Structure formats: C-alpha cells, structure tokens
Amino acid sequence: MVTRREFLDTVAIGAAGFAVGSTAKSYAQILGANDRLNFAVIGLHSRAYAHLSALKANSKAARITHVCDVDSKTLKKFADSVQQQMGHAAATDKDFREILAQKDVDAITIAAPDHWHTPMAIAGLQAGKNVYVEKPCSHNPAEGALLVEAQRKYGKLVQMGTQQRSSDYTIEIVDKIHNGLIGRTYYGKSWYSNTRGSIGIGKVVPVPPQLDWDLWQGPAPRRPYKDNVQPYNWHWFKIYGTGEALNNGTHEVDVCRWALGVDYPQRVSSSGGRYQFKDDWQFYDTLLTSFEYPDKMIDWEGKSCQGMKFYHRDRGSTIMGTKGTVLIDRGGYEIYDLEGKKTSEYKVGKAASSSDLVGRDSMTDAHFANFIAGIRTGAKLNAPVSVGNVAVTMLQLSNISWEVQRELHLDTTDGKIQNDPQAMKMWGREYEKGWAPHI
Ligand SMILES: NC(=O)c1ccc[n+]([C@@H]2O[C@H](COP(=O)([O-])OP(=O)(O)OC[C@H]3O[C@@H](n4cnc5c(N)ncnc54)[C@H](O)[C@@H]3O)[C@@H](O)[C@H]2O)c1
C-alpha cells in the first residue's frame, strides 16, 4: 500500500520529470481532503495571520494541521482563528521540534523573529519538510549562505516571503523591462517611510507566565527579559533583528535587482543614524545605501520614524533606463518617458500602504499558491531561497557598511567583503551554546 507521504513524493518527482508518476492534472482530479498538503505554521503573533489567510485562499490544496508559538496565549488565539477560518482544528505545540518530528507535516511556514529563520528552516529541511520562511531568510550573510547550501543538500523546497515576486502585474512589468520597455536600465531607486514611535528604555521585568523566554531566545545569546523587546520591537535589537534595511528594504531592493537583472554589487556604502529618538533602538532610523555595479546602481533610502513620502508613496521602487522610468509598488505600476511624463499606468485597485503587510493580501496568496504548486507539481518557485538570499545578503552588507562607517568592496560571486577583516567579522554571529545550525 502506498502511504500518503509516498504518494505526495511520487507526484512531486513525477512532475519534475525524474520518474513516471501521476501527472499534476490527474493528481488534481483525485485530490481529496486527505491528500491536501499538511502545513504547520510557526510564530503566530502577527504576520502568521497573512499565512493563515493565504492557506485559506489555497484550502483546496492545503490545510493547517499544526500551529506553534512559545507564547501560550498567542498560540491559543491563533488556533481559534484556524478553527474559525479553516473549519478544522490544528494541533498546538510550543516547541517546533515536536512539530518537525510529525511525519505527516509536509511543509512549515516560519513567521518567528529573524534570529530564528535560518536555524528553524535548516531544522525543517533536515526533518524532510518544505519550508516557507519569511524575509529575511537569515540573520546574517553566513547563515543565508548556509541555508542555500542546506536546501541543495536536503532537496526540499524553500520559498522566501518576498511575495511581490508572485504578483502578476510585477512579473509582467519586470518582463517588459527585461524586453527593453525603458531602454537599457541602469538605476533602481527604492525607499520606505514610516512613523514608528520610540521604543523607550526597557526595564528588566519578570517573564510573562505564558511565555517560554528560553525557547523564544533559542539561538540568540541569553539576556534577561525586558519589557520593550517583544513582540515586534526585537527588529531593532541586533541579536534578534536586522533593522529596517532587512525588514522592508528586502522587498524593495529585491524588486530593483530583479528588474535590473543584477546580483551582488562591486561596492556597498551606507550612512545614517538613530536621529529621531534616543532610546534602546540599536540600528539607524534613517539610512541611505548605494549598491554599485560596473554600469548600474541601486539605492535604498529607509526612514523608520519620518513619514515623508517619495512620489506620494510610503514605499516602492523606480527603475530608470535610457528611454524612461517604471515606478512599481504594491498598488501597481506607472510608466514615464525620459522627460518624466507619465505615459501609462496599472492600478490594482487599492492604495499601496505598509498596512498591506499584515492580513489578507493577494500577493501573499499567490506566493503560497506558487509554493504549493512547487511541492505538488514541481512548478518553479518565484522566490527560492537561492534567489531571495541575494537581496537579503546585500542589505546585511548595507548594515555592515553602516556599522564600520565605510564603503565595502565585494566579491561579486558571493558578496563576501574583500580586504576588510573587521567588516568581515560581521559576516556571522555568536550563538547560544548548542544552537548553531550545522548541515
Ligand atoms: N513578508 C512580509 O510582508 C512580512 C510582513 C510582516 C512581517 N514579516 C516577517 O515575519 C516575521 C514575524 O514578524 P511579526 O511581525 O509577526 O513578529 P511578532 O514579534 O509579532 O511575532 C513573532 C512570533 O513568533 C513567536 N516565536 C518566537 N520564538 C518562537 C519559537 N521558537 N517558536 C515558535 N514561535 C516563536 C513569538 O512568540 C511571536 O508570537 C519577521 O521575520 C518579519 O520580518 C514579513
């Protein structure tokens, strides 16, 4: 008798062309409730609700069988939402390792903080799971490279959560840019602005009774619990988060490098600071970075605490070429001639806003659909980790350039910093004993 797992594996292998198995079409015809992919969602406070919404949108092909969070209140609230939205219960666990041990889990999604992304994704691959990991796929460049290697070694799929890669209109306009729409492209400008408040000065307080602080910290060095770190504000602490460059630059710089058709630059240079507030925030709130290629450049301007927009938008990317410009954001795109006159536009029908990040948005639905098709039929992923990790590493290098306050010269094959041992020391990070990922 063929088990459910063997059946799913045969379908994936058959569709990838390595063996004669069921075709995707015949599989779709016989797909029943028990043949849907079993997903476990990990890290449930905020972004995970977009994963829930996307899995609901794809519920003919997938269901949520397990949910995991180290905070028992967050876990219960999300499990209740699964019951309500999907119409079935999911098993709950605070320890993701228990979930990885479940044979029937086909895929995990990771929306835990950044310091967890690579260690959890690698553990998932080692347990034979397909992985949807939120951006950034890693906390530092060494981890990103390790995750790419792990994906190749263990063979399951890893999709990174840069959902714009699965947006129809973005795919279409990038394709047109590649086909000469605005001539030879040479400049990509990306930006983000928000009005985040101060995170204040944290106080050491007792760990909330519902939270397993040890398992929250996991690979990060142990620290006493403070009242201004989680949820969300961990983004601004270096042992957990990666700053605004990775938080939002990952999306916008990725669009630029995709449209310009470039990988690692020759030079990276950043400047900025924490100007708006003086508090525990360990990164900049204002950062300008330029990535230089032999005949092109990308720049990134991130403002975390100053809402002034560019082109009336709080985020976006413009791609400039010898004949014109294309502006792309989450609301559509606009095409301009060389004089800066708008010649055409496409709108998805709702304003582009950072609030699109959480909750229902069709790009994430499409990105999950692509991941599911990758697992079930061998379809090409839109943001496999080998592709996603390039923008992630570029923005980590932007952080390093800001730290050392100088321009970095890179090996364009892998992004490694040349002739600067002090900067290269920041390629990796320190782990809590026993938690460093190995493959
Ligand atoms: N693709 C996008 O557009 C997008 C949007 C928002 C956030 N994100 C990404 O999603 C991730 C999560 O962001 P968020 O805003 O939801 O953060 P959050 O702080 O609100 O939630 C993180 C959750 O992870 C849980 N967690 C921590 N350690 C865990 C562990 N070991 N096992 C299980 N759960 C654990 C926490 O308890 C918390 O509930 C971030 O990496 C962020 O960059 C992506």
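The shell around the ligand takes at least three residues from each of two domains, domain 1 (4–164) and domain 2 (167–200 + 223–352 + 385–416), with bounds that come from an automatic or database domain assignment. This is a predicted model, in which local features need pLDDT of at least 70 and side-chain atom pairs count only at pLDDT 80 or more, while totals for chains, interfaces and linings use all residues. Residues are numbered from 1 along each chain as its sequence is written.

In all, 29 residues surround the ligand, and Gly-43, His-45, Ser-46, Arg-47 and Pro-231 are the closest; a residue is near the ligand if its C-beta atom, placed from the backbone, lies within 6 Å of it. The shell splits into 14 nonpolar, nine polar and six charged residues, where Ala, Val, Leu, Ile, Met, Phe, Trp, Tyr, Cys and Pro count as nonpolar, Asp, Glu, Lys and Arg as charged, and the others, Gly among them, as polar.

Then there is the sheet. It is open and parallel, with six strands ordered E3-E2-E1-E4-E5-E6. Strands pair if DSSP finds at least two bridges between them; strands (E, at least two residues) and helices (H or I, at least four) are DSSP runs, numbered from the N terminus. At the edges sit E3 (91–93) and E6 (158–160), each pairing on one side only. Three bridges join E2 (residues 62–68) to E3, and Cys-68 has Asp-93 of E3 as its bridge partner. Helix H4 (residues 72–86) packs on the sheet, touching E2 and E3, with contact meaning C-beta atoms, placed from the backbone, within 7 Å.

Terms used. Contact = placed C-beta atoms within 7 Å. Axes fitted to C-alpha atoms, helices over the stretch in contact; angles between N-to-C directions.
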